[in-house]
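Visitor: I am new to reading protein models, and I would like a guided look at this one. Could you take me through it step by step?

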Amino acid sequence: MAKLSQEDLLAQFEEMTLIELSEFVKAFEEKFDVTAAAAAPVVMAGPGGGAGQAEAAEEKDEFDVILTGAGDKKIQVIKVVRELTSLGLKEAKDLVDGTPKPVLEKVNKEAADKAKEALEGAGASVEVK
């Protein structure tokens with residue numbers, strides 16, 4: 001097998017959907033017994049550090065909408081997931097079947113609330129973080 005260059009690998013990853021890429025990362029982690037965790041930012045607590053952390057929590061402007069359960073109306077939930085994302089039918093079904101999974105990531109508060117309302121209206125259980 002010919003060795004792929006870094007550019008070739010990146011070109012292949014560009015063509016993948018987010019779900020396909022997520023599945024690839026899981027398979028990679030299992031195959032090589034590693035964890036692909038994002039580096040967490042280090043927060044230094046100075047004098048009165050508790051107040052600074054409380055302010056940071058209040059100023060949160062990016063939210064993740066996580067589907068925790070499909071409920072009884074799974075087909076309706078799949079339709080709403082497709083409306084909210086650019087996923088195809090199979091990817092949306094896989095996302096709903098594999099709960100808990102994020103539907104939207106790093107969206108503003110308004111978009112997160114609208115998505116939560118739409119998903120709950122279809123009968124799903126949703127969590128916003």
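Visitor: Which residue in β2 is the bridge partner of Val-65?

Guide: Welcome! Strands here are DSSP runs (E, at least two residues) and helices are DSSP runs too (H or I, at least four residues), both numbered from the N terminus. Two strands pair if DSSP finds at least two bridges between them. Looking across to β2, the bridge partner of Val-65 is Leu-104.

Visitor: Before we go on, what kind of model is this?

Guide: Residues are numbered from 1 along each chain as its sequence is written, and side-chain values use heavy atoms, with hydrogens and water left out. Local features need pLDDT of at least 70, side-chain atom pairs count only at pLDDT 80 or more, and totals for chains, interfaces and linings use all residues, since the model is predicted.

Visitor: In what order do the strands of the open sheet lie?

Guide: β1 and β2 pair in the antiparallel sense over four bridges, and Phe-63 stands opposite Val-107 in β2. Four bridges also join β1 to strand β3 (residues 125-128), again antiparallel, with Ser-125 in β3 as the bridge partner of Gly-69. The three strands form an open sheet, and the order is β2-β1-β3.

Visitor: Which are the edge strands, each pairing on one side only?

Guide: Recall that the order in this sheet is β2-β1-β3. The strands that pair on one side only, and so count as the edges by the rule of at least two bridges, are β2 and β3.

Visitor: By how many degrees are neighbouring strands of this sheet turned against each other on average?

Guide: For angles like this, axes are lines fitted to C-alpha atoms, for helices over the stretch in contact, and angles run from 0 to 180 degrees between N-to-C directions. With direction ignored, the average for neighbouring strands of this sheet is 20°.

Visitor: Which residues does Thr-85 contact, leaving aside its neighbours within four places in sequence?

Guide: Thr-85 sits in the loop between α4 and α5, and it is buried, with a relative accessible area of 18%. Contact means heavy atoms within 4.5 Å. Leaving those neighbours aside, the residues in contact with Thr-85 are Val-103 and Leu-104.

Visitor: How far is the backbone oxygen of Val-81 from a polar atom of the side chain of Thr-85?

Guide: The side chain of Thr-85 also has a polar atom 3.3 Å from the backbone nitrogen of Leu-87. For the backbone oxygen of Val-81, the distance to a polar atom of that side chain is 2.8 Å.

Visitor: How many salt bridges does the structure hold?

Guide: A salt bridge is a side-chain nitrogen of Lys or Arg within 4 Å of a carboxyl oxygen of Asp or Glu. One of them links Asp-94 and Lys-90, with the closest N and O atoms 2.9 Å apart; both residues lie in helix α5, four residues apart, about one turn of the helix. Asp-94 is partly exposed at 28% relative accessibility, whereas Lys-90 is exposed at 58%. The total for the structure is six.

How values were computed: Buried means under 20% relative accessible area, exposed over 50%, partly exposed in between (1.4 Å probe, protein chains only). A polar contact is a pair of N or O atoms within 3.5 Å; within protein, one must be able to donate a hydrogen and the other to accept it, and residues adjacent in sequence count only if both atoms are side-chain atoms.
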